[in-house]
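Please open the structure in your viewer and keep the selection tool at hand. The tour below moves from one selection to the next and says what is there.

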Amino acid sequence: MSAQPPSLMIVEDDLALQKQLKWSMDRFESVTADDLASAVLQFRRHKPAVVTMDLGLPPDQDSVSEGFKLLEKLIELEPATKVIVLTGQNDQNNALRAIRLGAYDFLAKPVDPDMLVLTVERALRLHELQQENQRLLDQQDGEPAGKLLTRDPQMLRLCRTIERVASSDATVLLLGESGTGKEVLAQTLHDASKRKGRFVAINCAAIPEALLESELFGYERGAFTGATKTTVGKIETANGGTLMLDEIGDLPMPLQAKLLRFLQERNIERLGGRQEIAVDVRIVGATHQDLKAKIAQGLFREDLYYRLAEIVVDIPPLRDRIGDAVLLSHAFLRRFCAEQRRSILRLSDEAIRSVEAHRWPGNVRELQNLMKRASIMADGDRITPEDLGLPSPETTPADQNDLDLRTVRERAERQAVVAALARTDGNIAKASDLLGVSRPTLYDLMNRLGIKT
């Protein structure tokens, strides 16, 4: 017996045909099964990359119900598996249903052995490429662009900034509307750094002023009524790592002075304590407020602002990120469908246009919530504007402010290419069809415009 694990599973209840299929595909290491129970058992045991299966399985070979149950189970157990469904000559509806449920391909019976071998080889190659791509993503060490999903030029420049800043100890101030992903960026900055400590986040607006100081700096036993034991604060907990102070614009003035002293001295004293404790922590501040306006109103210390603002990162709202709303919609749908163990849902063309037209006042958080609700409530396999609760899209008039033809043309090309890639979830062939150009032309455009797949 070969030591190589089987890469193929053949599910066929007709034993003669099962042997014929196994013989015609003898170049692959394979296992066989003849019903749903044995197929699931073999699949769990061997985890083959490719499965060929008949839809008509015992106990009722004239029905396709058992076959579809098996297909759904296999995709649920391992979504990356390539399932090739073998159907009757006049079985187009079931074939299309199988594709919608996640099958890789279908072939009509009687199956041409050469075509079957070719289809299995292609499926195996695609599976290998996807697995290798996932391994490379998993091995990425300190690469923010690998964790942030975007094609927008502004956000890509922001990713490069995060990459450059990560290796330093500079204090970073993240500015942006609520829901734009400030905590995701702070976590990404920490992950990309060489810091071995923890990432700790605290929302300065969510904790009462009387408790916030003890939360940040900790306290000694007996420091106040109810302090029955010494407790380490968030700053000390993040020693060796990163502390994110979310909504730092709401930090009370007395605590602003104490935080400023820490940023200058890098020492803290717990409440009720007299010993200075050295702490090595990177501070990342974040707020949706205009801190300079708060300084002018006397509500925020100017010296603290300049301590925090060694590196300032302005995060654009989702409505200003070209193509990102649709791109993120596809990603959220895949994630939520996997979490709920249901077949992959797709956005209808009308839903895509509605997503593109919506202003997203709640930014990425609003989009995420909408996609989660739609993945739960949608009846069919397509998400409609009604499932999203969005109005029908309206045509937006073109911007006529900039009349420089070269600038207008390049901006229009970039927006069209990014939008096409977002709509087709990064599928080059479909995007080129949508744009009415050949694939080589699209690759040339992407290369010229600096757009990555």
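The stops that follow begin with a sheet and end with a pair of rings.

This is a predicted model, in which local features need pLDDT of at least 70 and side-chain atom pairs count only at pLDDT 80 or more, while totals for chains, interfaces and linings use all residues. Residues are numbered from 1 along each chain as its sequence is written, and side-chain values use heavy atoms, with hydrogens and water left out.

**The open sheet**

Start by selecting the open sheet of 5 strands, whose order is S2-S1-S3-S4-S5 with parallel pairing. At its edges are strand S2 (30-33) and strand S5 (105-108), each of which pairs on one side only, and from one strand to the next the twist averages 20°. Strands here are DSSP runs (E) of at least two residues and helices are DSSP runs (H or I) of at least four, numbered from the N terminus; two strands pair if DSSP finds at least two bridges between them. Strands of a sheet pair through backbone hydrogen bonds, either parallel or antiparallel.

Next, select strand S1 (residues 8-11), which pairs with S2 in the parallel sense over 4 bridges, and look for isoleucine 10, which stands opposite threonine 32 in S2.

Helix H1 (residues 15-24) lies across S1, S2 and strand S4 (82-87) and runs at about 170° to S2, whereas helix H3 (residues 65-77) lies across S1, strand S3 (50-54) and S4 and runs at about 165° to S3. For these angles, axes are lines fitted to C-alpha atoms, for helices over the stretch in contact, and the angles run from 0 to 180 degrees between N-to-C directions.

**Aspartate 54 in strand S3**

Select aspartate 54, which is placed in strand S3 and which an unreviewed UniProt entry annotates as "modified residue: 4-aspartylphosphate". Such annotations are given in the numbering used here with shortened feature names, and they may be inferred rather than shown by experiment.

Is aspartate 54 buried or exposed? Aspartate 54 has a relative accessible area of 11% and is therefore buried, where buried means under 20% relative accessible area, exposed means over 50% and partly exposed lies in between (1.4 Å probe, protein chains only). Leaving aside neighbours within four places in sequence, aspartate 54 is in contact (heavy atoms within 4.5 Å) with Val11, Glu12, Asp13, Leu86 and Lys109.

**Backbone features**

Move to the peptide bond from proline 58 to proline 59, which is cis with omega near 10°; proline 59 is in the loop between S3 and H3. A cis peptide bond also joins lysine 109 and proline 110, with omega about -5°, and proline 110 is in the loop between S5 and helix H5 (113-139).

Most residues other than glycine have a negative phi, and most peptide bonds are trans. Select glutamate 247, which has a positive phi of about 50° although it is not a glycine; glutamate 247 sits in the loop between strand S8 (242-246) and helix H10 (253-265) and counts as buried at 10% relative accessibility. Then select tryptophan 360, which has a positive phi of about 50° and is not a glycine; tryptophan 360 lies in the loop between helix H14 (349-357) and helix H15 (363-377), and at 1% relative accessibility tryptophan 360 counts as buried.

**Two further loop residues**

Threonine 180 is in the loop between strand S6 (172-175) and helix H7 (182-192), where its relative accessibility of 4% makes it count as buried. Apart from neighbours within four places in sequence, threonine 180 is in contact with Ile315, Pro316, Pro317, Arg321, Asn363 and Val364.

Glutamine 340 is found in the loop between helix H13 (324-339) and strand S13 (346-347), and glutamine 340 is partly exposed, with a relative accessible area of 30%. Not counting residues up to four places away in sequence, glutamine 340 touches Lys372, Ser375 and Ile376.

**A pair of rings**

For the last stop, note that the structure holds 3 aromatic pairs, and select one of them, phenylalanine 332 and phenylalanine 336, which is stacked at 6.1 Å centre to centre with 20° between the planes. Rings of Phe, Tyr and Trp (its six-membered ring) pair if their centres lie within 6.5 Å, and planes under 30 degrees apart count as stacked, over 60 as edge-to-face and the rest as tilted. Because phenylalanine 332 and phenylalanine 336 are 4 residues apart in helix H13, they are separated by about one helical turn, and both phenylalanine 332 and phenylalanine 336 are buried.
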